[in-house]
Amino acid sequence: GKAYELRERASERERFRIEAYYYLGAGDLDKAHATSQLWAQTYPQDLGSYLALGYIDATYGKFDQAIRDLQTGLRVAPDAGLLEGTLFGLYVSANRLEEAKSIYGHAAAQESETYYIRPSRYGLAFLLGDHAEMDRLVASAAETPAAEDQLLSMASDTEAYYGRNLKARELSRRAVDAASRNGQKGTAARWQINMALREAELGNSAEARRQAQTALALASEHDSQIPGALALARAGDYVGAARMADDLAKRYPDDAILGRYWLPSIQSAIEISRNNPGRAIEILQVASPLELGTAGP
């Protein structure tokens, strides 16, 4: 926000970066997209514009367009590991698995299997039913501290998928511990809230509320409050969820993703808890343009 206030003192090139990422942070995807397009046209060597465009298109579920965004960037910088890793994740999201495997093979050959590609590699292995590769990635997670907590949380979801909730809980606790060791309290809270959401969907409402409240005591911020409110709503605590949703709306009035996607999701979950499914469906209509995308807090 401070950079945005002072942007007129920056060069034109710096202004593009400041404005694009300011709009992204504010959730104003339309302005972020327009700015990033102009940035890419004006300074095609700046990789940040392609990452921003890919992020925005993926948020709307336009994965094929997001892939084209990143491919354009890779033509400018063929060895940009961050672009390649992001593209790999987009191929997985678009269910273009053979292309994802090709990208991963190239990254492995270049010895660039770094933290930003391993979680997507786990997702690919899950979709392919490659349990040996999933086990390998989790076993080697400690070698890559920046990815360890995410891999453990993904593995917890896998265990829950196969009905092994006790193992899922153990892996979630390890994910929380790993993030905490790295000083990432907000991330640790999100992995615990992920466990709370899972418990809520399994009907373990008391456990879900306990996990959500513990996580929010650890870190109550924008990125943990959003899924935290959703977890409370799904666990039947619609009073607490409504209070948190109101607080988020007041504190972040200009966050378009929050207003267009997350608040309707929370409010609809509250209505389900109140046994008003018709009202829940009505509220969710505003979120439909984003429902197939990757909108995240």
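Reply: Begin with the lining of a pocket. This is a predicted model. In it, helix 10 gives the most to the lining of the largest pocket, namely 9 residues.

Me: Which other helices each supply at least two residues of that lining?

Reply: Helix 4, helix 6, helix 8 (118-128), helix 12 and helix 16 (256-273) do, along with helix 10 (145-161).

Me: What is the volume of the largest pocket?

Reply: The largest pocket has a volume of about 2,000 Å³. It is lined by 47 residues, and the closest to its centre are Pro119, Ser120, Gln150, Arg190 and Thr294.

Me: How do the residues of this lining divide by class?

Reply: Sort each residue as nonpolar, polar or charged, then count. The lining of the largest pocket has 27 nonpolar, 17 polar and 3 charged residues.

Me: How much space lies in the second largest pocket?

Reply: About 190 Å³. Helix 9 (131-139), helix 10 and helix 11 (165-181) each supply at least two residues of its lining. The largest share, 5 residues, comes from helix 9.

Me: Which residues line the second largest pocket?

Reply: Among them are Tyr122, His131, Met134, Asp135, Val138, Ala155, Thr158, Glu159, Arg164 and Lys167. By class, this lining has 6 nonpolar, 2 polar and 4 charged residues.

Me: Now the helix contacts. At what angle do helix 9 and helix 10 pack?

Reply: For a pair of helices, read the angle, the distance between the axes and the residues that meet. Helix 9 and helix 10 pack at about 145 degrees, and their axes are 9 Å apart. Their crossing is left-handed.

Me: Which residues of helix 9 and helix 10 meet?

Reply: On the side of helix 9 they are Met134, Leu137 and Val138, and these meet Leu151, Leu152, Ala155 and Thr158 in helix 10. The contact has 6 nonpolar residues, 1 polar and no charged. Met134, Val138, Ala155 and Thr158 also line the second largest pocket.

Me: How do helix 4 and helix 6 pack?

Reply: Helix 4 (residues 47-59) and helix 6 (residues 81-93) pack at an angle of about 15 degrees, and 11 Å separates their axes. An angle under 35 degrees counts as roughly parallel, so helix 4 is roughly parallel to helix 6. The crossing of this pair is left-handed.

Me: What meets what between helix 4 and helix 6?

Reply: Leu47, Tyr50, Leu51 and Ala58 in helix 4 meet Leu82, Leu83, Thr86 and Leu90 in helix 6. These residues divide into 7 nonpolar, 1 polar and no charged.

Me: Are helix 12 and helix 13 roughly parallel or roughly antiparallel?

Reply: Start from the angle. Helix 12 (residues 185-201) and helix 13 (residues 205-218) pack at about 170 degrees, with axes 8 Å apart. Angles over 145 degrees count as roughly antiparallel, so that is the reading for helix 12 and helix 13.

Me: Which residues take part in the contact of helix 12 with helix 13?

Reply: Helix 12 contributes residues including Lys185, Ala188, Gln192 and Glu199, and helix 13 contributes residues including Glu207, Gln211, Thr214 and Leu218. By class, the contact has 11 nonpolar, 3 polar and 3 charged residues.

Terms used: Residues are numbered from 1 along each chain as its sequence is written. This is a predicted model: local features need pLDDT of at least 70, side-chain atom pairs count only at pLDDT 80 or more; totals for chains, interfaces and linings use all residues. Side-chain values use heavy atoms; hydrogens and water are left out. Axes are lines fitted to C-alpha atoms, for helices over the stretch in contact, and angles run from 0 to 180 degrees between N-to-C directions. Helices (H or I, at least four residues) and strands (E, at least two) are DSSP runs, numbered from the N terminus. Angles under 35 degrees count as roughly parallel, over 145 as roughly antiparallel, 65 to 115 as roughly perpendicular and the rest as oblique. A crossing is left-handed if the near helix is turned anticlockwise from the far one by less than a right angle, and right-handed if clockwise. Contact means heavy atoms within 4.5 Å. Ala, Val, Leu, Ile, Met, Phe, Trp, Tyr, Cys and Pro count as nonpolar, Asp, Glu, Lys and Arg as charged, and the others, Gly among them, as polar. On a 1 Å grid over the protein atoms alone, a cavity is a set of points where a 1.4 Å probe fits but cannot get out, and a pocket is an open set with protein on both sides within 12 Å along at least five of seven lines; lining residues have an atom within 4 Å of a point. Grid points are joined across faces, edges and corners, and a volume is the space filled by probe spheres set on the points.
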